[in-house]
Amino acid sequence: MRSPATLSDIVTSFLDVVHDRLLADRRGDVADYIPELADAAPDKFGIALCGLNGRVYESGDTHIPFTIQSVSKAFVYSLALDDIGMNAVHNRVGAEPSGEAFNSVKLESSTGRPPNPMVNAGAIVTTSLVNGSSPEHRFERILTRLSAFAGRDLAIDESVFTSERVSGDRNRALAYLMRSAGSLSADVNETLDVYFRQCSVLVTSRDLAVMGATLGNGGVNPITGRRVTSAETCQHVMTIMATCGMYDYAGEWLLRAGLPAKSGVAGGLVAASPGEFGLGLYSPRLDHSGASVRAVVAAQQLARRFGLHIL
Ligand code: DON
């Protein structure tokens, strides 16, 4: 007689089902506007889920490192909130979905603020608001925060950093525009160096699952047991992820997946299920909004299967 399937068997086998089913999906292209990203193996695919008890379920390429890119924005936002408080952060950056692409040049006409901390413009301002006595110190604090969320010491990919810096004219233009509008008061090149570095931090989909679980767990990393940030900050971060994390796909994403999430152009995606678990996904082929095609579909299937919609 077969022994009854445990919850962990059910979760693992469903991750495998979703993973195997989506391997045939080759829609989308790898990002190439940052030359180093174009070298990614397009068909890698990893799905990881971390429960709030610290148990991690994995399927596929969950140990392949890739650069965190815009997924970093949610976690750096947590640091800015903790450093200077929600009102001071949002004096400089809005909290409204933009309905525009991640690299849009649209600023709020009445205030000159970028629309939210998840689009590039808003993330550049958010990075500039992190406390630090120098750009190096500011980045060190960001790396420490990202590492605490992941539960291990993270490092950066220097060649992606150099490539971002060389090809970063649009972000530079955004930063100068925001300086002229009064929303960015820090030095443009120093701020962008920190921002490009934060985007170049290497993670795996397993790391993203743990980072998402830390948010879903009210700021305590379920693997290390350490408090990274407050439950209140996690609530603010997940709110902005839910409304703005997927850029111009944010509304449809929330409709279909119902989870706070953040995408990155290297193909990473983090989603947090409050009080339940964190999801980390990786596959480099992207859709029109700069999110991984397979990660989006897989997260939606998982959310539906496990009834995770927050509403
Ligand atoms: O600012 C950039 O262009 C990148 N370093 C990050 C962009 C990104 O990941 C957008 N998200 N999908």
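Ala, Val, Leu, Ile, Met, Phe, Trp, Tyr, Cys and Pro count as nonpolar, Asp, Glu, Lys and Arg as charged, and the others, Gly among them, as polar. The legends below describe a predicted model.

**View 1. Eleven positions line the ligand, from Gln69 to Gly290.** The ligand is surrounded by Gln69, Ser70, Phe102 and Asn120, among others. Glu164, Asn171 and Cys199 also belong to this surrounding group. So do Ser263, Gly264, Val265 and Gly290. By class, the shell holds three nonpolar, seven polar and one charged residue. Domain 1 (7-69 + 202-305) and domain 2 (71-199) each contribute at least three residues to the shell.

**View 2. Domain 1 meets domain 2.** The protein chain splits into domain 1 (7-69 + 202-305) and domain 2 (71-199). Their C-alpha centres are 21 Å apart. In the contact, 38 residues come from domain 1 and 34 residues from domain 2.

**View 3. The side of domain 1 that touches domain 2 is built from helices and strands, among them α9 and β5.** At least two residues come from each of β4 (202-203), α9 (205-216), α10 (231-244), β5 (261-263) and β6 (268-273). Helix α10 gives the most, with seven residues. This side of domain 1 consists of 19 nonpolar, 14 polar and five charged residues.

**View 4. Helix α2 crosses helix α4.** Two packed helices are described by the angle between their axes and the distance between the axes. Here α2 (residues 71-84) and α4 (residues 120-128) have axes that come within 9 Å. They cross at roughly 40 degrees. That angle makes α2 oblique to α4. The crossing is left-handed. From α2, the residues Lys73, Val76, Tyr77 and Ala80 take part. They meet Ala123, Thr126 and Thr127 in α4. The contact of α2 with α4 comprises four nonpolar, two polar and one charged residue.

**View 5. Helix α5 packs against helix α8.** Helix α5 covers residues 135-150, and helix α8 covers residues 188-199. Their axes are 10 Å apart, at an angle of about 25 degrees. Angles under 35 degrees count as roughly parallel, so α5 is roughly parallel to α8. Helix α5 passes α8 in a right-handed crossing. On the α5 side, the contact is made by Pro135, Arg138, Phe139 and Ile142. On the α8 side, Glu190, Asp193, Val194, Arg197 and Gln198 take part. The contact of α5 with α8 divides into four nonpolar, one polar and four charged residues.

Terms used
Residues numbered from 1 in each chain as written. Predicted model: local features only at pLDDT ≥ 70, side-chain atom pairs only at ≥ 80, totals over all residues. Near = placed C-beta within 6 Å. Domains from an automatic or database assignment. Axes fitted to C-alpha atoms, helices over the stretch in contact; angles between N-to-C directions. Helix = DSSP H or I, 4+ residues; strand = E, 2+ residues; numbered from the N terminus. Parallel < 35°, antiparallel > 145°, perpendicular 65-115°, else oblique. Left-handed = near helix turned anticlockwise from the far one by under 90°. Contact = placed C-beta atoms within 7 Å.
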